[in-house]
Amino acid sequence: MAGWLDRLLGQKETSASKARERLKLVLINDRTDLTPEALERLKNEIVTVISHYVDIDPNNIRIDMTQEGREQRLVADIPIRSSGHRR
Amino acid sequence: MATVLTVTSGKGGVGKTTTTANLAVALALGGQKVVCIDGDIGLRNLDVVLGLENRIVYDLVDVVEGRCRLRQAMIRDKRLPELFLIPAAQTRDKSAVSPSDMVRLCDELRPEFEWILIDSPAGIERGFRNAIAPADMCLVVTNPEVSSVRDADRIVGLIEAEEKGPARLIINRLNPSLVRRGDMLTADDILELLAIELVGIVPEDENVVISTNRGQPVALDGTKSRAGQAFQNIARRLRGEKVPFLNLEEKQNFFSKLFRLNRSEGA
Ligand SMILES: Nc1ncnc2c1ncn2[C@@H]1O[C@H](COP(=O)(O)OP(=O)(O)O)[C@@H](O)[C@H]1O
Ligand SMILES: [Mg+2]
């Protein structure tokens with residue numbers, strides 16, 4: 001009963017929700033053959049490459065691994081600073 | 001012309017053999033002509049779960065190696081005359097049979113049956129490849145726990161890669177009271193993670209253990225047990241019927257308890 005109340009109030013993390021979150025990450029690794037660390041490096045390299053061409057705001061970048069059906073998708077949202085002409 | 005249905009999972013002990021036996025029984029009870037093949041060479045079990053272990057003379061490897069005719073290796077279930085078993089060899093290993101042997105065997109059986117059920121061994125090696133080679137449809141069995149779901153995801157991917165997809169899902173051993181208190185993955189959690197179609201949810205049910213002790217699959221008793229009801233429902237869905245999924249996660253209150261006196265909780 002207490003567990004049920006906690007869950008309703010969104011306070012305690014249940015073991016099932018923990019299992020769900022862990023599985024999400026594990027399945028990304030398994031499906032893409034990318035370790036969390038490799039994924040981090042990949043993201044950093046994408047940002048580096050893009051910043052060679054355009055001026056980007058490093059604080060507003062979002063690169064996420066998402067799931068669509070059984071497909072993993074790397075979705076990047078990288079706002080470009082409008083700073084007139086560069087290069 | 002038969003539909004070849006392969007029951008697989010990746011992980012061992014999740015209920016493949018139990019599922020194969022019970023679906024075979026449920027389909028046969030529905031008047032369908034069914035043959036099930038034990039693909040777990042070296043670790044055969046479908047015979048004992050079905051209670052047919054004393055009637056084995058020839059096995060799958062005898063057929064493949066030409067020591068007997070296909071018909072001689074088919075054991076007819078006396079309780080259900082439309083149900084047959086082709087047992088696995090116990091003293092050989094999986095390499096005694098090849099995927100093309102399985103395709104040939106099933107092609108020979110197809111004209112005579114409505115369903116050919118193949119019980120796959122655990123793992124992703126030869127035995128698994130043998131089991132899915134002739135499949136028209138693959139059923140992946142998983143339990144609501146981390147390692148089983150993870151392995152199921154691998155298997156679903158391999159089935160797709162072999163162009164045997166899309167795989168369909170059976171969630172076995174769901175424990176409604178654990179789910180209620182937040183200590184077991186829900187069916188929705190698993191479906192969201194695996195992103196494949198669900199064909200049924202089988203609750204954890206002690207009747208499975210009892211019936212396996214006796215060699216009388218729960219589905220033989222129709223809908224008397226929750227697991228039996230669940231297998232019956234899956235069999236009906238496989239035959240194209242729209243059977244609603246019953247909610248296994250409803251709150252255990254006074255009314256639902258009262259209500260349950262008249263209704264089984266299986267899905
Ligand atoms: N729904 C269930 N409720 C209770 N016990 C189950 C259920 N499904 C399977 N079992 C038990 O789990 C064990 C493993 O099942 P089995 O069908 O042999 O798995 P697998 O063929 O995948 O190795 C068996 O002891 C079986 O009786
Ligand atoms: Mg088995």
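This is a predicted model: local features need pLDDT of at least 70, side-chain atom pairs count only at pLDDT 80 or more; totals for chains, interfaces and linings use all residues.
User: How far apart are the C-alpha atoms of A:Ala38 and A:Val49?
Analyst: Along the chain, A:Ala38 and A:Val49 are eleven residues apart. Between their C-alpha atoms the separation is 16 Å.

User: Which residue of S2(A) is the bridge partner of A:Ile63?
Analyst: Strand S1 of chain A covers residues 62–68 and pairs with S2(A) in the antiparallel sense, over seven bridges. The two strands form a hairpin with two residues between them. In the turn, A:Gly69 has a positive phi of about 60 degrees. Across the pair, the partner of A:Ile63 is A:Ala76.

User: How many residues of strand S2 of chain A are buried?
Analyst: Strand S2 of chain A has seven residues, 71–77. To be buried, a residue needs 20 or more other C-beta atoms within 10 Å of its own. The strand lies largely in the open, because the number of its residues that are buried is zero.

User: How many residues of domain 1 of chain A are in contact with domain 2 of chain A?
Analyst: The domain assignment divides chain A into domain 1, residues 1–33, and domain 2, residues 35–87. On the side of domain 1 that touches domain 2, two residues are nonpolar, two are polar and one is charged. Domain 2 brings four residues to this contact, and domain 1 brings five.

User: Which element gives the largest share of the side of chain A that touches chain B?
Analyst: The contact takes 18 residues from chain A and 15 from chain B. On the chain A side, helix H1 (2–8) and helix H2 (15–32) are the elements that give two or more residues. By class, this side has six nonpolar, five polar and seven charged residues. Its largest share, eleven residues, comes from H2(A).

User: Which strands stand at the edges of the eight-stranded sheet in chain B?
Analyst: The sheet is open, with mixed pairing, and its order is S3-S4-S2-S5-S1-S6-S7-S8. Each edge strand has a single partner strand, so one of its sides is left without a neighbour in the sheet. The edge strands are S3 (75–76) and S8 (197–203) of chain B.

User: Which residue in S5(B) stands opposite B:Val34?
Analyst: Strand S2 of chain B, residues 34–38, and strand S5 of chain B, residues 115–119, run parallel and are joined by five bridges. Opposite B:Val34 stands B:Trp115.

User: Which element gives the most residues to the largest nonpolar core?
Analyst: This core has 86 residues. B:Leu60 is one of those with the most contacts inside the core. Leaving aside neighbours within four places in sequence, B:Leu60 is in contact with residues including B:Ile37, B:Ile41 and B:Val97. With eight residues, the element that gives the most to the core is H1(B).

User: Which residues come nearest to ligand 1?
Analyst: The shell around ligand 1 has five nonpolar, nine polar and four charged residues. Helix H1 (16–29), strand S7 (168–174) and helix H9 (206–214) of chain B each give two or more residues to the shell. Of the 18 residues around the ligand, those that come nearest are B:Gly15, B:Lys16, B:Thr17, B:Thr18 and B:Val208.

Methods:
Residues are numbered from 1 along each chain as its sequence is written. Chains are lettered from A and ligands numbered from 1 in the order in which they are written. Domain bounds come from an automatic or database domain assignment. Two residues are in contact if their C-beta atoms, placed from the backbone, lie within 7 Å. Ala, Val, Leu, Ile, Met, Phe, Trp, Tyr, Cys and Pro count as nonpolar, Asp, Glu, Lys and Arg as charged, and the others, Gly among them, as polar. A residue is near a molecule or strand if its C-beta atom, placed from the backbone, lies within 6 Å of it. Helices (H or I, at least four residues) and strands (E, at least two) are DSSP runs, numbered from the N terminus. A nonpolar core is a set of buried Ala, Val, Leu, Ile, Met, Phe, Trp, Tyr and Cys residues joined through C-beta atoms within 7 Å. A residue is buried if 20 or more other C-beta atoms lie within 10 Å of its own, exposed if 12 or fewer, and partly exposed in between; C-beta atoms are placed from the backbone. Two strands pair if DSSP finds at least two bridges between them.
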